[in-house]
Every structure is written in structure tokens, then in C-alpha cells.
Amino acid sequence: MSKVIKRILFILMAAVVLVIAAFGGIYFTRILTIGSIEKLTDYGDGYNLYSMDIKYDYSLEDIIDYGITDDQTMINAILKESLPLIPAKIEVPDYGCTSFTLTDTDGDVHMGRNYDFRKNTSAMMVYCAPKDGYQSVAFAALDNVSANVPDESTAKKLATLTAPFICLDGMNEKGVSISVLTLDSEPVRQNTGKPVIATTLAIRLVLDKAATTEEAVELLQSYDMFSSSGRDYHFYITDASGDGRVVEYDPDSENRELIATPTEAVTNFFIRYKDKVLPNQKNGIYGHGRERYDAVMKVLDEEKGNYTNATVWNAMKAAAQDPDPDAITSNTQWSVSYNNTDLTAEIAIRRNWEDVTQFEIHQ
């Protein structure tokens with residue numbers, strides 16, 4: 001064998017070793033993340049609660065800097081950050097729901113949240129502790145990444161690495177909690193020259209960076225909102241002081257101005273236009289779900305002055321929904337009570353009210 005051929009082979013082998021080493025370096029902490037997945041419930045229908053600890057370093061800034069212009073670029077940006085060097089695809093989800101806040105007799109602030117969606121899903125509790133952000137617990141719908149049984153295959157385990165960027169609600173170590181709820185208006189496509197952020201990325205931004213509701217609102221005001229998957233949304237945000245606001249993009253404003261309105265509860269209609277919304281019907285661009293809002297407010301009114309964690313669960317039960325194949329915001333997939341004061345979360349899957357799992361941010 002000539003020296004030239006030997007040299008070429010040596011260079012090729014060295015290149016292969018470098019590629020393998022680079023791949024291993026990138027995926028070492030991702031493998032640890034996958035290894036942290038734990039199954040927490042065992043329901044016969046195959047839709048369960050899981051938990052995972054995000055051990056790899058991610059950069060939300062890099063995802064935003066990718067340049068989000070539509071659903072596909074949002075997905076591409078998420079995949080590039082969570083699954084580099086691996087070809088993959090995910091679906092963009094829809095979100096129903098009910099959220100509210102109260103302060104109990106011990107002074108603890110709670111956010112109650114029902115996630116409603118007609119298609120069944122497993123849930124993943126996602127624990128994040130970013131180097132340059134706050135620790136948090138948040139919940140993702142695994143059906144959105146085709147991984148309802150994440151330990152079923154390597155592909156599904158890898159899909160769960162996107163979990164930090166597809167969470168639908170959560171709470172951080174500063175006692176800020178946030179949830180997203182769908183609306184019936186045209187999707188927001190702001191274009192004022194600010195950096196563009198998409199729906200679930202806004203949730204990760206608030207969890208990682210906001211210490212109060214006010215900070216969360218200011219953060220969201222610094223971005224142009226892109227509403228993903230062809231639907232419109234608003235966000236409900238609370239903090240440890242009890243400051244509960246819904247962040248909405250005004251459908252009657254030409255530039256879809258961001259409006260943050262204090263409110264005790266929110267469902268799938270614009271709180272700003274509550275007087276235009278009637279229960280048990282669609283109300284044009286202003287939304288629906290007034291009957292669930294009224295059910296929550298009835299519980300809060302009846303128990304006023306005697307709020308406890310049980311009040312949170314009573315309100316979530318009152319607003320919970322059974323499956324309805326014709327209603328996208330039906331079929332309560334999970335109900336979670338966030339305690340913004342002691343930094344715990346309790347969750348029940350698909351109305352299994354007697355089977356509650358608790359998490360702590362500093363667990």
C-alpha cells in the first residue's frame with residue numbers, strides 16, 4: 001500500500017473518529033436526559049404520566065434567532081436545538097383549557113389549570129434547571145411528538161428531548177406560573193420588527209426568565225407573537241404575590257396589540273370582551289367556554305374566605321370536560337394545582353381525581 005493511500009485512509013479514519021467524538025459529546029447529556037425518564041402512573045388505556053430531568057444545555061435564544069416565520073420554521077428551530085444531527089419531525093399542537101388563581105387561608109397562591117383536548121395523550125413532567133435561567137416544572141403533551149409511550153422505542157425517547165419547548169403550562173422557582181389556552185379568532189402574526197417568538201416558546205421564555213407576572217408581560221411585549229398551528233391563543237400568568245393576568249392579543253386592534261388584563265379566571269374567550277360572550281355557544285372571534293368560566297367563578301364565590309387547596313380541585317372538577325369528538329376543547333387531559341408559594345404542583349390525569357401526583361421544583 002502506497003504512502004499516499006495510507007495517508008488518505010488515516011485522514012478518513014481520523015475524520016470518522018472526530019465525527020463520532022463530536023456526536024458523543026453533543027448527545028452525552030441528551031442520553032442522560034433520556035435515562036431520567038420515569039413512568040409515574042400505570043393506566044390500562046396506555047396514556048400515563050411520566051417525568052424527565054432536562055440535563056442538556058439548551059439555548060432558547062438560538063431557537064428564536066433561527067428566524068420563525070411559520071409552523072415549519074418553528075419546528076425546524078426546535079429540532080435543531082434539541083435533536084442536532086438527527087432527522088426528525090413533530091406535529092404542532094392545539095390547546096384548550098381553563099385556568100384560574102386564588103390565595104388560600106394560609107396565604108399560599110395557587111393556579112389551577114385544566115388542559116382540555118379531544119385527543120387523548122400521555123403527559124410529561126419536565127424539570128429544567130438552565131444555567132442562565134430559573135428552575136421550573138412544566139407539563140407537555142406527548143401525543144404532540146408521537147411518543148405517548150416514550151420507553152417503547154429509541155425514536156420516541158429521542159422525541160421527548162423536544163419537551164422543554166412544547167410545554168403547555170408550568171411554574172418556576174420564583175413562583176411564576178403560566179398556561180396557554182386556545183381562542184377562536186384569527187391567529188396572531190405580529191410584524192413590528194421585533195424578534196419573533198412562537199406560542200410554546202413564549203411559555204419557556206417566561207418560565208426561564210420571569211420572576212413576576214409584570215416581568216413576564218414585559219418579556220412578551222419585547223417580541224412579535226407568532227401563533228402556531230393555525231389557531232389563536234392567550235396566556236394566563238400568575239406569581240407568588242397573587243398577580244393573575246391574562247395576556248391577549250386584541251382581535252379588534254389592527255396590529256393585534258398585546259393587552260394584559262387582571263382576572264381571577266380564564267377559559268377560551270377574550271376576557272377583554274367578556275360582556276360579548278355567552279355560555280354554551282360560539283361567540284365569533286371573541287371565543288367560547290363561558291360556561292366553564294362561570295363554573296369556576298361559582299366555586300370561588302361559594303368558598304370565598306375559606307379557600308384551601310381543596311378549593312382549587314373543586315373548581316377544576318367543576319370545569320372539567322368529558323370527551324366530545326366534535327369539540328376540540330373537550331376531554332380534560334390533566335388537571336394541575338400549582339402552589340406558587342411553596343413551589344409544589346399536584347396533577348391528576350384525565351379526571352382520575354383520586355390519583356394525584358405531587359412534584360417540587362427543588363425535589
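1. On exposure, the terms used here rest on relative accessible area, where buried means under 20%, exposed means over 50%, and partly exposed lies in between, with a 1.4 Å probe and protein chains only. The model is a predicted one, in which local features need pLDDT of at least 70 and side-chain atom pairs count only at pLDDT 80 or more, while totals for chains, interfaces and linings use all residues. Residues are numbered from 1 along each chain as its sequence is written, and side-chain values use heavy atoms, with hydrogens and water left out.

2. On the salt bridges, the criterion is a side-chain nitrogen of Lys or Arg within 4 Å of a carboxyl oxygen of Asp or Glu, and by this rule the count comes to 18. One of them joins Lys39 to Asp42, with 3.2 Å between the closest N and O atoms. Lys39 counts as partly exposed because its relative accessibility is 40%, whereas Asp42, at 65%, counts as exposed.

3. A second pair is Asp169 and Arg113, whose closest N and O atoms are 2.8 Å apart. This bridge links distant parts of the chain, since Asp169 belongs to strand β7 (residues 167-172) and Arg113 to strand β4 (residues 109-116), 56 residues apart; strands here are DSSP runs of E with at least two residues, and helices are runs of H or I with at least four, numbered from the N terminus. Both Asp169 and Arg113 are buried.

4. Asp184 forms a salt bridge with Arg231 at 3.7 Å between the closest N and O atoms. The two residues are 47 apart in the chain, with Asp184 in the loop between β8 (177-183) and β9 (196-198) and Arg231 in the loop between β10 (224-226) and β11 (232-238). Asp184 is partly exposed because its relative accessible area is 22%. Together with Lys282, Asp184 and Arg231 are linked in a network of salt bridges.

5. The structure holds three cavities of 30 Å³ or more, and the largest cavity contains about 60 Å³ of space, a volume being the space filled by probe spheres set on the points.

6. The lining of the largest cavity consists of Tyr58, Ser59, Leu60, Glu61, Pro130, Asp132, Asp208 and Lys209. Helices α2 (60-65) and α5 (199-209) are the elements that give two or more residues to this lining.

How values were computed. 1 Å grid on protein atoms, 1.4 Å probe; cavity = no way out; pocket = protein on both sides within 12 Å on 5 of 7 lines; lining within 4 Å.
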